[in-house]
Amino acid sequence: MSRAALRRQRRARLRARRWGWLGRLWALGTGRFGLLVVAAVTLTALVAAVWTPFDPQQVDLAARWSAPGLDHPLGTDGSGRDILSLLMAGARTTILVAVGAGLIATALGLVLAALGALTTRVVRESVAVLIDILIAFPVLLIAMMISAVWGGSLAVVVWSVGIGFGVNIARVTRPELRRVLHSDVVLAGKAAGLTPVQNLARHLLPHVAPVFIVQLSWGMAVAVLAEAGLSYLGFGAPVTDPSWGLLLAELQQYLTVYPLSVLWPGLAITVTVLGLNLLGDGLREATDPTLRTARGAARAARTHMPEVVA
(Lines give C-alpha, C1' and ligand atoms only; values in the text may rest on other atoms or scores of the structure.)
Protein backbone atom coordinates (compact mmCIF):
# COMPACT_ATOMS: atom_id res chain seq x y z
CA MET A 1 0.00 0.00 0.00
CA SER A 2 1.30 3.43 -0.89
CA ARG A 3 2.30 6.06 1.64
CA ALA A 4 -0.55 8.36 0.53
CA ALA A 5 -3.10 5.62 1.22
CA LEU A 6 -1.56 4.97 4.64
CA ARG A 7 -1.74 8.68 5.45
CA ARG A 8 -5.42 8.76 4.43
CA GLN A 9 -6.15 5.76 6.65
CA ARG A 10 -4.30 7.40 9.54
CA ARG A 11 -6.28 10.63 9.14
CA ALA A 12 -9.54 8.67 8.99
CA ARG A 13 -8.66 6.84 12.23
CA LEU A 14 -7.81 10.15 13.92
CA ARG A 15 -11.15 11.64 12.88
CA ALA A 16 -12.94 8.51 14.09
CA ARG A 17 -11.28 8.74 17.50
CA ARG A 18 -12.03 12.46 17.74
CA TRP A 19 -15.77 12.03 17.13
CA GLY A 20 -16.16 8.77 19.07
CA TRP A 21 -18.62 6.18 17.80
CA LEU A 22 -20.19 8.72 15.43
CA GLY A 23 -16.82 9.21 13.74
CA ARG A 24 -16.34 5.45 13.49
CA LEU A 25 -19.83 5.16 11.99
CA TRP A 26 -19.08 7.84 9.38
CA ALA A 27 -15.80 6.11 8.50
CA LEU A 28 -17.74 2.97 7.52
CA GLY A 29 -19.29 2.89 4.06
CA THR A 30 -22.48 1.24 5.32
CA GLY A 31 -22.83 3.70 8.18
CA ARG A 32 -22.23 6.70 5.92
CA PHE A 33 -24.83 5.50 3.42
CA GLY A 34 -27.36 4.84 6.19
CA LEU A 35 -26.83 8.26 7.77
CA LEU A 36 -27.22 10.03 4.42
CA VAL A 37 -30.43 8.15 3.59
CA VAL A 38 -31.97 8.83 7.01
CA ALA A 39 -30.95 12.49 6.81
CA ALA A 40 -32.42 12.81 3.30
CA VAL A 41 -35.76 11.23 4.27
CA THR A 42 -35.98 13.32 7.45
CA LEU A 43 -35.17 16.53 5.58
CA THR A 44 -37.76 15.68 2.92
CA ALA A 45 -40.41 15.10 5.60
CA LEU A 46 -39.58 18.43 7.28
CA VAL A 47 -39.74 20.32 3.98
CA ALA A 48 -43.00 18.59 3.03
CA ALA A 49 -44.56 19.81 6.28
CA VAL A 50 -44.37 23.40 4.98
CA TRP A 51 -44.01 23.09 1.20
CA THR A 52 -44.61 20.68 -1.68
CA PRO A 53 -44.54 21.55 -5.41
CA PHE A 54 -48.30 20.82 -5.63
CA ASP A 55 -51.06 19.89 -3.24
CA PRO A 56 -50.58 16.10 -2.87
CA GLN A 57 -54.32 15.51 -3.17
CA GLN A 58 -54.94 18.02 -5.97
CA VAL A 59 -56.69 16.30 -8.89
CA ASP A 60 -55.91 17.60 -12.38
CA LEU A 61 -57.52 15.39 -15.01
CA ALA A 62 -55.99 17.44 -17.81
CA ALA A 63 -52.50 16.43 -16.61
CA ARG A 64 -53.17 12.76 -15.85
CA TRP A 65 -50.31 10.37 -16.67
CA SER A 66 -47.98 13.22 -17.59
CA ALA A 67 -44.43 12.12 -18.33
CA PRO A 68 -41.59 13.46 -16.16
CA GLY A 69 -40.81 17.03 -17.09
CA LEU A 70 -40.21 20.52 -15.76
CA ASP A 71 -43.72 20.92 -14.34
CA HIS A 72 -43.84 17.43 -12.85
CA PRO A 73 -40.28 16.06 -12.36
CA LEU A 74 -41.55 12.53 -11.62
CA GLY A 75 -44.76 12.69 -13.65
CA THR A 76 -48.36 12.34 -12.46
CA ASP A 77 -50.72 9.48 -11.66
CA GLY A 78 -54.11 8.57 -13.13
CA SER A 79 -55.81 11.42 -11.26
CA GLY A 80 -53.28 14.04 -12.32
CA ARG A 81 -51.67 14.23 -8.87
CA ASP A 82 -47.99 15.14 -8.79
CA ILE A 83 -45.99 12.03 -7.83
CA LEU A 84 -43.10 14.06 -6.36
CA SER A 85 -45.50 15.86 -4.01
CA LEU A 86 -47.06 12.54 -3.02
CA LEU A 87 -43.64 11.06 -2.26
CA MET A 88 -42.63 14.09 -0.20
CA ALA A 89 -45.87 13.97 1.78
CA GLY A 90 -45.49 10.20 2.15
CA ALA A 91 -42.09 10.76 3.77
CA ARG A 92 -43.91 12.45 6.67
CA THR A 93 -45.98 9.30 7.16
CA THR A 94 -42.82 7.18 7.00
CA ILE A 95 -41.01 9.27 9.63
CA LEU A 96 -44.10 9.36 11.85
CA VAL A 97 -44.46 5.58 11.78
CA ALA A 98 -40.73 4.91 12.24
CA VAL A 99 -40.32 7.33 15.17
CA GLY A 100 -43.63 6.42 16.82
CA ALA A 101 -43.00 2.68 16.55
CA GLY A 102 -39.43 3.22 17.76
CA LEU A 103 -40.61 5.04 20.90
CA ILE A 104 -43.18 2.34 21.71
CA ALA A 105 -40.66 -0.43 21.02
CA THR A 106 -38.11 1.33 23.25
CA ALA A 107 -40.47 1.65 26.20
CA LEU A 108 -41.89 -1.87 25.89
CA GLY A 109 -38.52 -3.50 25.21
CA LEU A 110 -36.79 -1.84 28.18
CA VAL A 111 -39.64 -2.66 30.57
CA LEU A 112 -39.81 -6.32 29.53
CA ALA A 113 -36.01 -6.69 29.51
CA ALA A 114 -35.70 -5.12 32.97
CA LEU A 115 -38.49 -7.29 34.39
CA GLY A 116 -36.96 -10.36 32.78
CA ALA A 117 -33.46 -9.68 34.11
CA LEU A 118 -33.65 -7.80 37.41
CA THR A 119 -36.62 -9.29 39.28
CA THR A 120 -37.31 -12.51 41.14
CA ARG A 121 -37.09 -15.88 39.47
CA VAL A 122 -40.86 -16.30 39.16
CA VAL A 123 -41.25 -12.94 37.45
CA ARG A 124 -38.24 -13.57 35.20
CA GLU A 125 -39.60 -16.91 34.02
CA SER A 126 -43.09 -15.47 33.49
CA VAL A 127 -41.69 -12.63 31.38
CA ALA A 128 -39.58 -15.09 29.35
CA VAL A 129 -42.70 -17.17 28.60
CA LEU A 130 -44.65 -14.02 27.69
CA ILE A 131 -41.89 -12.92 25.29
CA ASP A 132 -41.83 -16.37 23.66
CA ILE A 133 -45.61 -16.23 23.15
CA LEU A 134 -45.68 -12.70 21.74
CA ILE A 135 -42.72 -13.24 19.45
CA ALA A 136 -44.59 -16.08 17.73
CA PHE A 137 -46.98 -13.55 16.19
CA PRO A 138 -45.59 -11.66 13.17
CA VAL A 139 -45.95 -7.88 13.11
CA LEU A 140 -48.28 -7.94 10.10
CA LEU A 141 -50.57 -10.46 11.80
CA ILE A 142 -50.73 -8.34 14.96
CA ALA A 143 -51.61 -5.29 12.87
CA MET A 144 -54.34 -7.16 11.00
CA MET A 145 -55.88 -8.42 14.25
CA ILE A 146 -55.88 -4.91 15.73
CA SER A 147 -57.29 -3.49 12.48
CA ALA A 148 -60.14 -5.99 12.58
CA VAL A 149 -61.24 -4.47 15.91
CA TRP A 150 -60.37 -0.76 15.61
CA GLY A 151 -60.12 -0.33 11.85
CA GLY A 152 -57.10 0.50 9.72
CA SER A 153 -55.19 3.68 10.58
CA LEU A 154 -51.68 4.95 11.16
CA ALA A 155 -52.16 4.51 14.91
CA VAL A 156 -52.79 0.80 14.35
CA VAL A 157 -49.59 0.52 12.32
CA VAL A 158 -47.53 2.41 14.91
CA TRP A 159 -48.81 0.40 17.87
CA SER A 160 -48.65 -2.99 16.15
CA VAL A 161 -45.09 -2.47 14.89
CA GLY A 162 -44.04 -0.96 18.23
CA ILE A 163 -45.42 -3.93 20.17
CA GLY A 164 -44.08 -6.48 17.71
CA PHE A 165 -40.54 -5.14 17.63
CA GLY A 166 -40.53 -4.14 21.30
CA VAL A 167 -40.76 -7.85 22.08
CA ASN A 168 -37.79 -8.50 19.77
CA ILE A 169 -35.77 -5.81 21.55
CA ALA A 170 -36.64 -7.35 24.92
CA ARG A 171 -35.61 -10.81 23.71
CA VAL A 172 -32.18 -9.56 22.60
CA THR A 173 -31.58 -7.09 25.46
CA ARG A 174 -32.62 -9.37 28.33
CA PRO A 175 -29.64 -11.78 28.08
CA GLU A 176 -27.27 -8.80 27.81
CA LEU A 177 -28.73 -7.32 30.99
CA ARG A 178 -28.32 -10.66 32.75
CA ARG A 179 -24.70 -10.87 31.62
CA VAL A 180 -23.85 -7.32 32.71
CA LEU A 181 -25.70 -7.83 35.99
CA HIS A 182 -22.92 -10.13 37.22
CA SER A 183 -20.05 -7.89 36.10
CA ASP A 184 -17.63 -6.27 38.55
CA VAL A 185 -18.87 -2.73 37.94
CA VAL A 186 -22.46 -3.64 38.85
CA LEU A 187 -21.36 -5.57 41.92
CA ALA A 188 -19.29 -2.57 42.98
CA GLY A 189 -22.34 -0.37 42.56
CA LYS A 190 -24.37 -2.67 44.77
CA ALA A 191 -21.62 -2.62 47.40
CA ALA A 192 -21.63 1.19 47.23
CA GLY A 193 -25.31 1.23 48.13
CA LEU A 194 -26.87 1.97 44.75
CA THR A 195 -30.51 1.03 44.38
CA PRO A 196 -31.54 -1.32 41.53
CA VAL A 197 -32.93 1.65 39.58
CA GLN A 198 -29.69 3.62 40.03
CA ASN A 199 -27.63 0.61 38.99
CA LEU A 200 -29.85 0.17 35.94
CA ALA A 201 -29.43 3.80 34.88
CA ARG A 202 -25.70 4.16 35.65
CA HIS A 203 -24.23 0.80 34.71
CA LEU A 204 -26.64 -1.61 33.05
CA LEU A 205 -28.24 0.54 30.34
CA PRO A 206 -24.95 2.12 29.12
CA HIS A 207 -23.46 -1.36 28.68
CA VAL A 208 -26.40 -2.70 26.66
CA ALA A 209 -26.93 0.55 24.72
CA PRO A 210 -24.98 -0.62 21.61
CA VAL A 211 -27.13 -3.74 21.25
CA PHE A 212 -30.27 -1.73 21.95
CA ILE A 213 -29.47 1.03 19.42
CA VAL A 214 -28.76 -1.49 16.67
CA GLN A 215 -32.02 -3.34 17.33
CA LEU A 216 -33.91 -0.05 17.35
CA SER A 217 -32.54 0.99 13.95
CA TRP A 218 -33.50 -2.36 12.49
CA GLY A 219 -36.92 -2.00 14.12
CA MET A 220 -37.43 1.32 12.35
CA ALA A 221 -36.61 -0.37 9.04
CA VAL A 222 -39.24 -3.01 9.82
CA ALA A 223 -41.68 -0.21 10.70
CA VAL A 224 -41.19 1.46 7.30
CA LEU A 225 -41.62 -1.84 5.49
CA ALA A 226 -44.64 -2.83 7.60
CA GLU A 227 -46.36 0.52 7.02
CA ALA A 228 -45.87 0.18 3.28
CA GLY A 229 -47.09 -3.42 3.32
CA LEU A 230 -50.13 -2.70 5.50
CA SER A 231 -51.10 0.35 3.45
CA TYR A 232 -50.72 -1.77 0.33
CA LEU A 233 -53.11 -4.35 1.83
CA GLY A 234 -55.56 -1.70 3.02
CA PHE A 235 -54.82 -1.96 6.76
CA GLY A 236 -52.58 1.09 7.04
CA ALA A 237 -52.93 4.77 6.28
CA PRO A 238 -56.35 6.01 5.11
CA VAL A 239 -56.69 7.25 1.56
CA THR A 240 -56.63 10.87 2.79
CA ASP A 241 -53.08 10.46 4.15
CA PRO A 242 -50.31 10.19 1.52
CA SER A 243 -48.34 6.97 1.94
CA TRP A 244 -45.72 5.23 -0.17
CA GLY A 245 -47.42 1.86 0.26
CA LEU A 246 -50.83 3.28 -0.62
CA LEU A 247 -49.39 5.01 -3.68
CA LEU A 248 -47.73 1.77 -4.75
CA ALA A 249 -51.03 -0.09 -4.36
CA GLU A 250 -52.84 2.48 -6.50
CA LEU A 251 -50.22 2.48 -9.27
CA GLN A 252 -49.30 -1.20 -9.49
CA GLN A 253 -52.33 -2.03 -11.64
CA TYR A 254 -50.87 0.24 -14.34
CA LEU A 255 -47.44 -1.40 -14.21
CA THR A 256 -47.54 -2.66 -17.80
CA VAL A 257 -48.82 0.67 -19.16
CA TYR A 258 -46.98 3.28 -17.05
CA PRO A 259 -44.08 1.37 -15.43
CA LEU A 260 -42.13 4.50 -14.54
CA SER A 261 -44.86 5.73 -12.18
CA VAL A 262 -44.61 2.55 -10.11
CA LEU A 263 -40.83 2.83 -9.92
CA TRP A 264 -40.72 5.93 -7.68
CA PRO A 265 -42.65 4.72 -4.59
CA GLY A 266 -41.00 1.30 -4.81
CA LEU A 267 -37.58 2.92 -5.04
CA ALA A 268 -38.32 5.21 -2.08
CA ILE A 269 -39.35 2.24 0.10
CA THR A 270 -36.37 0.14 -0.99
CA VAL A 271 -33.74 2.83 -0.45
CA THR A 272 -35.17 3.87 2.95
CA VAL A 273 -35.33 0.31 4.28
CA LEU A 274 -31.86 -0.45 2.89
CA GLY A 275 -30.46 2.72 4.49
CA LEU A 276 -31.92 1.90 7.91
CA ASN A 277 -30.64 -1.69 7.73
CA LEU A 278 -27.15 -0.58 6.72
CA LEU A 279 -27.25 2.04 9.46
CA GLY A 280 -27.97 -0.75 11.93
CA ASP A 281 -25.03 -2.77 10.59
CA GLY A 282 -22.78 0.28 10.81
CA LEU A 283 -23.90 1.03 14.37
CA ARG A 284 -23.20 -2.56 15.38
CA GLU A 285 -19.66 -2.38 14.01
CA ALA A 286 -19.02 1.13 15.35
CA THR A 287 -20.17 0.38 18.91
CA ASP A 288 -19.02 -3.22 19.36
CA PRO A 289 -15.37 -3.27 20.52
CA THR A 290 -14.86 -6.92 19.52
CA LEU A 291 -15.84 -6.20 15.92
CA ARG A 292 -13.60 -3.12 15.83
CA THR A 293 -10.67 -5.21 17.09
CA ALA A 294 -11.26 -7.91 14.50
CA ARG A 295 -11.61 -5.32 11.74
CA GLY A 296 -8.37 -3.63 12.80
CA ALA A 297 -6.52 -6.95 12.81
CA ALA A 298 -7.82 -7.78 9.33
CA ARG A 299 -6.75 -4.35 8.05
CA ALA A 300 -3.29 -4.80 9.54
CA ALA A 301 -2.97 -8.21 7.89
CA ARG A 302 -3.91 -6.72 4.51
CA THR A 303 -1.52 -3.79 4.78
CA HIS A 304 1.42 -5.87 6.05
CA MET A 305 3.46 -7.01 3.08
CA PRO A 306 6.18 -9.46 4.10
CA GLU A 307 9.49 -9.12 2.37
CA VAL A 308 10.48 -11.82 -0.05
CA VAL A 309 13.93 -13.13 0.65
CA ALA A 310 15.72 -14.26 -2.49
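Guide: Before the linings are sorted by class, one convention is needed: Ala, Val, Leu, Ile, Met, Phe, Trp, Tyr, Cys and Pro count as nonpolar, Asp, Glu, Lys and Arg as charged, and the others, Gly among them, as polar. Please also keep in mind that this is a predicted model.

Visitor: How many charged residues does the lining of the largest cavity have?

Guide: The largest cavity, with about 70 Å³ of space, is lined by Gln57, Arg81, Leu86, Val239, Asp241, Pro242, Ser243, Leu246, Leu247 and Glu250. Helix α9 gives the largest share of this lining, three residues. Sorted by class, the lining has five nonpolar and two polar residues, and the number of charged ones is three.

Visitor: Which residue forms a salt bridge with Glu250?

Guide: The whole structure holds four salt bridges, and one that involves Glu250 links distant parts of the chain. Glu250 sits in helix α9 (residues 244-251), whereas its partner, 169 residues apart, lies in the loop between α2 and α3. With the closest N and O atoms 2.7 Å apart, within the 4 Å that a salt bridge requires, the partner is Arg81.

Visitor: Which helix supplies the largest share of the lining of the second largest cavity?

Guide: The second largest cavity has a volume of about 40 Å³, and its lining has seven nonpolar, three polar and no charged residues. Helices α3, α6 and α8 each supply at least two residues of that lining. The largest share, four residues, comes from α6.

Visitor: At what angle do the axes of α4 and α6 cross?

Guide: The crossing of helix α4 (residues 121-134) and helix α6 (residues 154-181) is left-handed. Arg124, Ala128, Ile131 and Leu134 of α4 make the contact with Val167, Ala170, Arg171, Arg174 and Arg178 of α6, which by class gives five nonpolar, no polar and four charged residues. The two axes come within 9 Å, and the angle at which they cross is roughly 145 degrees.

Key. Residues numbered from 1 in each chain as written. Predicted model: local features only at pLDDT ≥ 70, side-chain atom pairs only at ≥ 80, totals over all residues. Heavy atoms only, no water. Axes fitted to C-alpha atoms, helices over the stretch in contact; angles between N-to-C directions. Left-handed = near helix turned anticlockwise from the far one by under 90°. Contact = heavy atoms within 4.5 Å. Salt bridge = Lys/Arg side-chain N within 4 Å of Asp/Glu carboxyl O. 1 Å grid on protein atoms, 1.4 Å probe; cavity = no way out; pocket = protein on both sides within 12 Å on 5 of 7 lines; lining within 4 Å. Points joined across faces, edges and corners; volume = space filled by probe spheres on them.
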